[in-house]
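Here are my notes on the model you sent.

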Amino acid sequence: MRLSLLSLSILPFLYAPLAIAEQRPELAQNIQNVMPKVIDWRRDIHQHPELSNREFRTAAKVAAHLEQLGLEVRTGIAHTGVVGILKGAKPGPVVALRADMDALPVTEQTGLPFASKVVSEFNGQQTGVMHACGHDAHVAMLMGAAEVLSQQQAELAGTIMFIFQPAEEGPPAGEEGGAKMMLAEGLFANPTPTAIFGLHVWPGEPGQLLVKTEGIMAAADSFQITVKGKQVHGSSPWRGIDPINVTGQLINAINLIPARQIDVTLAPAVVSFGQVHGGIRWNIIPDDVKLEGTIRTFDSGMREDLIARMAHTSEHIAKASGAEAHFHVHNFAAVTWNDPALTDWAMPSLKWAAAANGVAPIKPITGAEDFSFYQQQIPGVFFFLGISPDNTPLNEVPPNHSPMFDVNEDALITGVRALTGLALDYLAAPPQQAAQEVK
Ligand code: NI
C-alpha cells in the first residue's frame, strides 16, 4: 500500500522528461527553423578544417555566435576552447553539453562542393586536413542547440554550459590539450555542472540514436617496449644477446595474454602492436629493438591487470635470453562510462529526439573518446547519431577517419533535438530530484 503510494508520487518525476518535451510544441518548430543555419555552419566549418590545438577560426566563429545570442562567453581555454554559459531567468541545476572542434590529417576525397582543400603541417609533415570524424557536424549541432535554448532563457530554471572542446583527436606531439586540459584549467569550477551530455556522428541508420549504459567506448593506452640486447656480428650470435629473437617471442606472448589470461566474459580487451623498429644491416644483430602498440579495455581493474601482465611477460621473456625489457604505458582516454542512472533518465529525452527513427542499443566500441575525462568528474552520457546516406548498406558506408567519410545532413536535426531536449529536461527534472523523492 505504502509502496504503491510512493511509486505514484515518484511517477511525475520519473516520466517528466517525455512530458516536458511533448508540452513544448514550439520547441520542435524552433529546432526546425534553425536547421538551415546548422547546415550552413557545418559546410563552412567542413571547408575550413583545423587540426588539434589549431582551431582558431572555428573557435572565433563559435564565440561570435554565442556572444550574439547573449551568452557569457569564455575563450582560450586549453588553447582554443570556447565555453558559453546560458543562465536561465530562475535558479536551478547546471548541465553541460559538449562538442569537439578538431579535424584530422586526412586528404579529403569526397568530391563534395564544400570539400576541404586545406593543407597543413602535422608533426613535421605536410598533409591534407579534413573533418573526417564529423566534428564539423558536432560544432554546428551544438551552435544550433545554443540558439534554440537561448530563445527559452526567460523560462529556464538553471544554467546550461556549452563546451566547444579542442584536440579531441589528441594534441600534436609535445603539447597538452583536449578535455583533460580544459578540466585542469578549471572548466567545471564555476559553475559546476552535475551532468554532461555529448554525441558523435557514426555510420548508422540516419537519424537513429545509438546508446548503451556503462562502458560504451574503450579506455585507450599506448605502450612502448624497449628490448635491450647486446650488439654482435650476425655470424656469431652466441657472442652477444639477440633482441630481435626476444622481440619475436614477446609479440606472441603478449598477444596471447588477452586470449589466455583475461576473463573475456567480463568485458572486451584488445592488444595490438603497431610499430617494431630494430637493426640497420643484414649481418648485424642490433643492440636494441623498440616496439609500440595500443591497449583497449572497458574495465579499470582489467586494464591494470592486463598492463601488469604485459610488463611481467616482457621482463621475464627478455630475462630468459639474458636481455632486458623496459615497458611503459601512456594513457590517452579512460573508459567512456555512461552512468546507468543518468542513462535511464535520458532515455525518454532521446526517444523524443529520435522520434520515428528510434533509439537502438549499440555494442561497445573499441575506439576511445576524451569525453571519458569529463565522466570521471561528473555523471555523463555519450551517445551516437546515425548519419549514413539514405538506402545504403552499412558495410558500404565509409567509416569515421576515412577520406570518403560524409555526414547525412538530414540526420542532424535529431542531434540538435537530442542536445536541446536533454538540457531542457535536465533543468526541469534532473534525476537527483527523482532520487530525493524516493527518500
Ligand atoms: Ni571523433
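1. What share of the contacts in the protein with a separation of 6 or more comes from residues 24 or more positions apart? The share is 82%. Please keep in mind throughout that this is a predicted model.

2. Overall fold. The protein contains 12 helices and 18 strands. Its radius of gyration is 25 Å, close to the 22 Å that the globule rule gives for 439 residues, so the protein is as compact as a globular protein of that length. The C-alpha trace spans about 80 × 60 × 45 Å along its principal axes.

3. Burial and surface. Of the 439 residues, 52% are buried. The accessible surface of the protein is about 19500 Å², and carbon and sulfur atoms account for 54% of that area.

4. Cys133 counts as buried because its relative accessibility is 6%, under the 20% cut-off. His135 is also classed as buried, because its relative accessibility is 0%.

5. Main core. The largest nonpolar core has 67 residues. Those with the most contacts inside this core are Leu97, Met141, Ile160, Phe162, Phe164, Phe197 and Phe383. Helix 5, residues 135-151, gives the most to this core, contributing 10 residues.

6. Phe164. Which residues does Phe164 touch, not counting those up to four places away in sequence? They are Val62, Leu66, Gly81, Val82, Ala99, Met101, Val139, Leu142, Met143 and Met182. Phe164 is also one of the residues with the most contacts inside the largest nonpolar core.

7. Ala253. This residue is found in helix 7, which covers residues 243-260. Apart from neighbours within four places in sequence, Ala253 is in contact with Thr313 and Ile317. The C-alpha atom of Ala253 is separated by 53 Å from that of Leu66, and the two residues are 187 apart along the chain. Leu66 is among the residues that Phe164 touches.

Notes. Residues numbered from 1 in each chain as written. Predicted model: local features only at pLDDT ≥ 70, side-chain atom pairs only at ≥ 80, totals over all residues. Heavy atoms only, no water. Helix = DSSP H or I, 4+ residues; strand = E, 2+ residues; numbered from the N terminus. Contact = heavy atoms within 4.5 Å. Buried < 20%, exposed > 50% of the residue type's maximum accessible area, 1.4 Å probe, protein only. Core = buried A, V, L, I, M, F, W, Y, C linked by side-chain atoms within 4.5 Å. Rg over C-alpha atoms; globule rule 2.2 N^0.38 Å. Areas by Shrake-Rupley, 256 points an atom, 1.4 Å probe, with all protein chains shown as cover.
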